Protein chains: 2
Amino acid sequence: MNQERVYATYLVETPDSLAHAAEVIAGEQSTGTFTAVPGETDALKERFGARIERIEELEPVRQPTLPGSKTPSGHDGLYRRGRVTVSFPLHNFGPSIPNLMSAVAGNLYELQQLSGLRLVDLELPEAFAARYPGPKFGIAGTRKLTHVYDRPILGTIVKPSIGLTPQELQRMIADVSEAGLDFIKDDELNANPPYAPLEVKVKAVMEAVERAADASGKKIMYAFNITGDIEEMKRNHDLVVRAGGNCVMVSIMSVGLAGLAHLNSYSEVPIHGHRNQWGMMTRCPLLGFEFSAYQKLCRLAGADHLHVNGLNSKFYESNESVVRSIEACASPMHGGYAAMPVVSSAQWAGTAEATYAATRTVDVMHLAGGGILAHPDGAAAGFESMKQGWEAAVKGIPMAEYAKSHPELQRAIAKYGKG
Amino acid sequence: MNQERVYATYLVETPDSLAHAAEVIAGEQSTGTFTAVPGETDALKERFGARIERIEELEPVRQPTLPGSKTPSGHDGLYRRGRVTVSFPLHNFGPSIPNLMSAVAGNLYELQQLSGLRLVDLELPEAFAARYPGPKFGIAGTRKLTHVYDRPILGTIVKPSIGLTPQELQRMIADVSEAGLDFIKDDELNANPPYAPLEVKVKAVMEAVERAADASGKKIMYAFNITGDIEEMKRNHDLVVRAGGNCVMVSIMSVGLAGLAHLNSYSEVPIHGHRNQWGMMTRCPLLGFEFSAYQKLCRLAGADHLHVNGLNSKFYESNESVVRSIEACASPMHGGYAAMPVVSSAQWAGTAEATYAATRTVDVMHLAGGGILAHPDGAAAGFESMKQGWEAAVKGIPMAEYAKSHPELQRAIAKYGKG
């Protein structure tokens, strides 16, 4: 790969030819305008122009996916689809995530020459690694902090997601910590709300965490949701660290990639990256961004953990897409930058089987809300059932079989296994 | 309006009934989970639950817009559409833009119960105004700085958008300043690139700006693109201000609303808000965000100027939508917060007519790249033709008529008026 260029691959749909659409994309995001202006010389285009690297034609369609495209005269009724790779000179913007986005995305989504556009891959030169140090903890560091090896990090989410008083929350955390769980996170709806300020919450939670740790020798990792404005995030982070907290969580789309990178410049504990709002950018198949591309930017900006939905979840996303996201997060980039994929939504012990079968890895964080907390025999049994689900999956023993000698799993199957 | 609640209005498409979809939306973003958990009491739901305020049914469709929705058993083949207003207790998240987004958008776009979702309006309580001071300059402040009243602020864009050396740029700025223009902005592709570092650019540009101001008494407003990571933006801003610069520009989607609000916490000059990448969030009519809702957050976070595309532009957006955006930016919010709408893309003197006819306002910034710089008689004539275009529009004189006694407009029509 040329270390002086950024490669962006798009899924394109166009009423024009793919070749023409590719030219428009390259022109719009480098040297073009609607009418030639003085100074737009060939030498300038050569040095600063984006370059079409590859066009792969796919099946055309008869209906445009997005509104507002303009058909050329004599249009044959077809909307061509293809994968188009364009490269941009790095010196046009430098190794800057915010300015990279203005270049590779920019105005492209609004062009009349396109009836569909999706950014599906990004290949970035090493200069980005020099500028953005990435996750400080990642998979290895999170395992070290939680003392969990050779199996997924198993955890849960504060439930009800909203409305607990600090006292109620403290009781819940005490229960969950005593149940032996590895990890627990705030809900994304719950950061520093007036009804339960973070300062009060941190104090209440850490008391419960430390008390349980003193008793059991195991300190649960608690991801405090510190999502907020830029200065507020710093105050929130410092509050958590001063109280002995060992993880912070942010809603990446709420604070932006720039906000995430800023947090990473001073953070002392792992950053748990939540991707709520992501559906807005990705659910239309011919618009927006593919997560396998976006996760690279999240990792550069410093996410140690990254949410990827779960298999058979309550969300629209296909299992294939979730599997691609899990694999993407851990695949090496610039020789590292692995983030821990966080599998969640409608998860319980039984979802371990499909997850392991599809990914063959235990390097995930597996979160179950109701799937642990609402286990008929309580949170400890819920946690145990999750471990058992993964043991069965890794050993290749059918879950129903394994459950015969593992009552917590048996009870979980009886409760959650009907759906 | 209840000052203790946030009102979010969505365009919804669902294979279920609208009433059911509304319940799922309200539940998911407040107290719900896929299986009931201990502690989820009625009292808690009453205090923290989101509330369905209004459901307005629209025409149903036979094909789902987005993939991945799940039809209920006995589905009649129809996908219901409607406008649904849900209110959220402010104490769930407080007056925080990042946490507001996790609540009103959050996981909603991924729900299987929806085949389309678009956030079309937001009504925020006064508490947001107390937290976010908004534009420091806005329309009035920008007029004061540019000494332009009673007509649009007319300007251009650095062209070619990328690749000029600081010397070439200096020559261009000198020409444009001498031509008398009110405003000029960097291209969004051009912030602080290795080939032309901002520090060098600022020095070169400001020399030309000050020299022209000394000669003519009029100092052009130059929007330096300071888009970058959080700390870098601060350095960039300070660099511009120290050099006597009078405007900074950011790509809002690149720096995030949190990044914009942070910039606004220390900025000393107007913030020119560029909305590149916005198409990703809005081009699918049943997904994402309507600009009339998003612009409220941009204004809260401090954008003094806001890009809205232009009528008859090179982009997909309809003129009706552009007009709605222009009107939205200037409509009062919390008793103020007006931002100057920035009309651009394929603009020239002739687009003044349609713009004024549709909006009846001159409170816009009207930017033309080629439409000024490529005028056959040079930039001064291009600027003159823009003023004449607006004079004709405001006076209600047909452009062709007005052009008979205004040669710059005549020449502009001859060059750009064929398209």
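Which side chains meet in a salt bridge at 3.4 Å, N to O? They are those of Asp229(A) and Arg131(B).

This is a predicted model, in which local features need pLDDT of at least 70, side-chain atom pairs count only at pLDDT 80 or more, and totals for chains, interfaces and linings use all residues. Residues are numbered from 1 along each chain as its sequence is written, chains are lettered from A in the order in which they are written, and side-chain values use heavy atoms, without hydrogens and water.

**View 1. The contact of chain B with chain A.** Chain B gives 91 residues and chain A gives 94 residues (contact: heavy atoms within 4.5 Å). The two chains bury about 7,600 Å², 59% of it on carbon and sulfur atoms (accessible area, 1.4 Å probe, that two parts lose on being put together, summed over both). On the chain B side, Glu110(B), Met280(B) and Arg283(B) lose the most area to chain A.

**View 2. Salt bridges across the chain interface.** The interface of chain B and chain A holds 6 salt bridges (a side-chain nitrogen of Lys or Arg within 4 Å of a carboxyl oxygen of Asp or Glu). One pairs Asp229(A) with Arg131(B).

**View 3. Domain 1 against domain 2 in chain A.** Chain A is divided into domain 1 (5-131) and domain 2 (138-416), with bounds from an automatic or database domain assignment. Their centres, taken over C-alpha atoms, are separated by 36 Å. The domains bury about 1,700 Å² between them. Ile97(A), Arg118(A) and Leu122(A) of domain 1 lose the most area to domain 2.

**View 4. Asp121(A) and Lys296(A).** These residues form a salt bridge, with the closest N and O atoms 3.1 Å apart. The count between the two domains is 2 salt bridges.
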